Amino acid sequence: MSKTYYNLYDKICHPLNLWWAYKAAARGKRYQPAAAFFEYDLEKNLIEMEQELKDETYQLGGYHSFRIEKPKRRLVNAAPFRDRVLHHALMNVIEPLFERQFIFDSYANRKGKGTHAALDRCTYYLRRYKYVMHLDVRQFFPSIDHEILLSTLSRTVGDERAMGLIRKIIASGNGVQADEYDMVYFPNDDLFAKERPRGLPIGNLTSQNWANVYLNELDQYAKRSLKCHAYMRYVDDMLTFANEKDELHQRRAGIIQYLQTQRLTLHEESAQPRPSYTGVSFLGFQVFPDYRRLKPANGYAFQRRLKNLWSLCKDGELSQTDLTTRLQSWINHARYGDTWGLRSAVLSAAGVYGE
């Protein structure tokens, strides 16, 4: 059973915590209009935030929503900069309380983990087990049930004022993902189940952490009840490994059944065991026991994007520094696969070198 923590709210409101929260929210964004506007009168803005939090009168702003197509088609919801400072202030205090509850093989949005550590762990397991099964949650962020999430959070956060702030942030996301959700009825549901508040905004720092909290319940079930010794998760993408297909089929059935208690469903048709030597699609790569390849679609997409960026740079509409930063970011990601030939071909085709 997790430990319950009290006396958290004053730590959230503390001026030094708000200062560090601002620094984190502004990292890499200081020259964007919203961040620059907040920084212009920084001391006044932070003092106002502190007072509103102490008085419990803080009002959240609305979300700016836009779509992205890669790696999946998603509706992203961006909070105002002032609210993003608040999110960091809250996470500075409560995130460590949940971090110690997570399993070792949970890799998303955690210090010392991340995409590349997850890929290395996947390779480790592929070399040791004959079969692998990939599972992913259907419409995960739009499906997150507010009542279940609040119940889970309150088992650790015992400070009622802190929980009041958490409730306000969670409630602000009600409906923002409604168009992305296809209604699913679970056992014992009535007609009012459709009206249950659900959905977390994709893009919030709080949503990233609370997604881990929400699925940590599944992680613990998989490890303790299903005895999945080789199991890992990155957000809503899970891999489990075994030497017998029947064992993976049993785990699949158990996970599907348990997810119903969390009001979640899997993409069941794709959740099938496969031999490890055939590889598994995970985090933008096709991972095999002895090598990994970047998914072709990712390479083609970056090739198109790079040609456009290179053209903008030649026309003076994009600085050389910005181009280099974006290029290096992709190279650093792609180099975690066996992609030397791909990287050379993409850069040459775009005219970055080889002319």
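The model is predicted, so local features need pLDDT of at least 70 and side-chain atom pairs count only at pLDDT 80 or more, while totals for chains, interfaces and linings use all residues. Residues are numbered from 1 along each chain as its sequence is written, and side-chain values use heavy atoms, leaving out hydrogens and water.

Let's start with the sheet. Strands (DSSP runs of E, at least two residues, numbered from the N terminus) pair if DSSP finds at least two bridges between them. Three of them make an open, antiparallel sheet ordered β7-β8-β9, with β7 (280–282) and β9 (292–294) at the edges, each pairing on one side only. Strand β8 (residues 285–287) is joined to β9 by three bridges, and V287 sits opposite R292.

R292 in β9 is buried at 9% relative accessibility (buried is under 20% relative accessible area, exposed over 50%, partly exposed in between, with a 1.4 Å probe and protein chains only). What does the side chain of R292 reach at 3.3 Å? That's the backbone oxygen of L119.

Now the rings. Phe, Tyr and Trp (its six-membered ring) pair if their centres lie within 6.5 Å; planes under 30 degrees apart are stacked, over 60 edge-to-face and the rest tilted.

| Stacked pair | Centre to centre | Between planes |
|---|---|---|
| Y22 and F38 | 6.0 Å | 20° |
| F288 and Y291 | 4.6 Å | 20° |

Y22 and F38 are both buried. F288 is buried at 15%, whereas Y291 is partly exposed at 37%.

Technical notes:
Helices (H or I, at least four residues) and strands (E, at least two) are DSSP runs, numbered from the N terminus. A polar contact is a pair of N or O atoms within 3.5 Å; within protein, one must be able to donate a hydrogen and the other to accept it, and residues adjacent in sequence count only if both atoms are side-chain atoms.
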